Amino acid sequence: MASRRSSEEIQEILERYRTSGLSQLEYCRQTGMVLSTLGRYLRRSQRREQQLVRVKVEATPEPGTGYVLMLANGRRIAGGWGFEDAELARLIRVAESA
């Protein structure tokens, strides 16, 4: 039975894959890794990256001043309109995946 990789080992594998410039299939052929294993690691990594995080509002904005939302991928959403929680969550998911 094969031993399990630690989360640090998995992160190293993913980093090497992402910087290799190779397709998943080419990377697995060159390293001897099973393609489905690399795919599973990538899916788990994406799920962790897409989780919403709790934020702390430091000051209550004045009406009509808007907001700026900084996303993990470096994008910004700025606006002066209001959103319901579900609408804002959907907007964030769409922006993060674009």
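**A friendly note on this predicted model**

1. Please keep in mind that the model is predicted.

2. Around that spot, strand 1 (residues 67-70) and strand 2 run antiparallel to each other, paired over four bridges. The two strands make a hairpin, with five residues between them. In the turn, look for glycine 74, which has a positive phi of about 90°.

3. Which residues of strand 2 are on its covered face, and which on its uncovered one? In this strand (residues 76-79), Ile77 and Gly79 are on the covered face, while Arg76 and Ala78 are on the uncovered face. In general, side chains of a regular strand alternate between the two faces of the sheet.

4. Stepping back, the protein chain has four helices and two strands. Read from the N terminus, the order is α-α-α-β-β-α.

5. The largest nonpolar core holds 10 residues: Ile10, Ile13, Leu14, Tyr17, Tyr27, Cys28, Met33, Leu38, Tyr41 and Leu42. Helix 1 (7-20), helix 2 (24-31) and helix 3 (35-49) are the elements that each give two or more residues to this core. Helix 1 contributes the most, with four residues. Leaving aside residues up to four places away in sequence, isoleucine 10 touches Arg5 and Tyr41.

6. Some totals to finish: of the 98 residues in the protein chain, 19% are buried. The chain exposes about 8300 Å², and carbon and sulfur atoms supply 50% of that area. Among contacts with a separation of 6 or more, 30% are between residues 24 or more positions apart.

Terms used. Residues numbered from 1 in each chain as written. Predicted model: local features only at pLDDT ≥ 70, side-chain atom pairs only at ≥ 80, totals over all residues. Heavy atoms only, no water. Buried < 20%, exposed > 50% of the residue type's maximum accessible area, 1.4 Å probe, protein only. Pairing = 2+ DSSP bridges. Contact = heavy atoms within 4.5 Å. Areas by Shrake-Rupley, 256 points an atom, 1.4 Å probe, with all protein chains shown as cover. Core = buried A, V, L, I, M, F, W, Y, C linked by side-chain atoms within 4.5 Å.
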